[in-house]
Amino acid sequence: KNKRNMATQAQQDEYLNKLRQQMQAQMTQEIMTKMSEKCFKLCTGKKGNHLDSSESTCIVNCMDRYMETVQVVNQAIMSRQNQS
């Protein structure tokens with residue numbers, strides 16, 4: 001009976017790990033989509049078929065700041081989870 005419980009626990013752990021990975025992948029996709037939309041809206045204004053150098057620089061900087069912010073928020077969340 002103990003082996004059966006261990007196998008069940010192992011299956012539950014595997015399921016939870018897969019679920020966490022799927023949630024993380026979904027969150028990453030959402031972050032990338034939001035970042036792209038926000039930075040594009042912030043940095044582009046001229047109509048045309050390509051970005052000029054100032055627009056490209058703005059987008060790169062915007063994306064860098066956005067990713068830094070996401071990392072800070074994630075660290076704060078993890079820190080709070082570890083405290084509880």
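The largest share of the lining of the largest pocket, six residues, comes from α1. This tour concerns a predicted model, in which local features need pLDDT of at least 70, side-chain atom pairs count only at pLDDT 80 or more, and totals for chains, interfaces and linings use all residues. Residues are numbered from 1 along each chain as its sequence is written, and side-chain values use heavy atoms, with hydrogens and water left out.

**Stop 1: the largest pocket**

Select Arg20, Gln24, Met27, Thr28, Ile31, Met32, Met67, Val70, Gln71 and Asn74, which line this pocket. On a 1 Å grid over the protein atoms alone, a pocket is an open set of points where a 1.4 Å probe fits, with protein on both sides within 12 Å along at least five of seven lines; lining residues have an atom within 4 Å of a point. The space inside is about 260 Å³, a volume being the space filled by probe spheres set on the points. Both α1 and α2 supply at least two residues of the lining; helices are DSSP runs of H or I, at least four residues in length, numbered from the N terminus.

**Stop 2: the second largest pocket**

Next, select Met27, Thr69, Val70, Val73, Asn74, Ile77, Met78 and Gln81, the lining of the second largest pocket. Here α2 gives the most, with seven residues, and the space amounts to about 190 Å³.

**Stop 3: the disulfides**

Now display the cysteines. A disulfide is a covalent bond between the sulfur atoms of two cysteines; in this model, a pair of cysteine sulfur atoms within 2.5 Å is counted as one. The count comes to two.

Select cysteine 39 and cysteine 62, whose sulfur atoms are 2.0 Å apart. This pair links helix α1, which holds cysteine 39, to helix α2, which holds cysteine 62, across 23 residues. The torsion about their S-S bond is about -80 degrees, so the disulfide is left-handed.

Then select cysteine 43 and cysteine 58, also joined by a disulfide. Cysteine 43 is buried, with a relative accessible area of 9%, whereas cysteine 58 is partly exposed at 25%. Buried means under 20% relative accessible area, exposed over 50%, and partly exposed in between, with a 1.4 Å probe and protein chains only.

**Stop 4: threonine 44**

Finally, select threonine 44, in the loop between α1 (2-43) and α2 (53-83). Is this residue buried or exposed? Threonine 44 is buried, because its relative accessible area is 18%. A polar atom of its side chain lies 2.5 Å from the backbone oxygen of phenylalanine 40.

Notes
A polar contact is a pair of N or O atoms within 3.5 Å; within protein, one must be able to donate a hydrogen and the other to accept it, and residues adjacent in sequence count only if both atoms are side-chain atoms.
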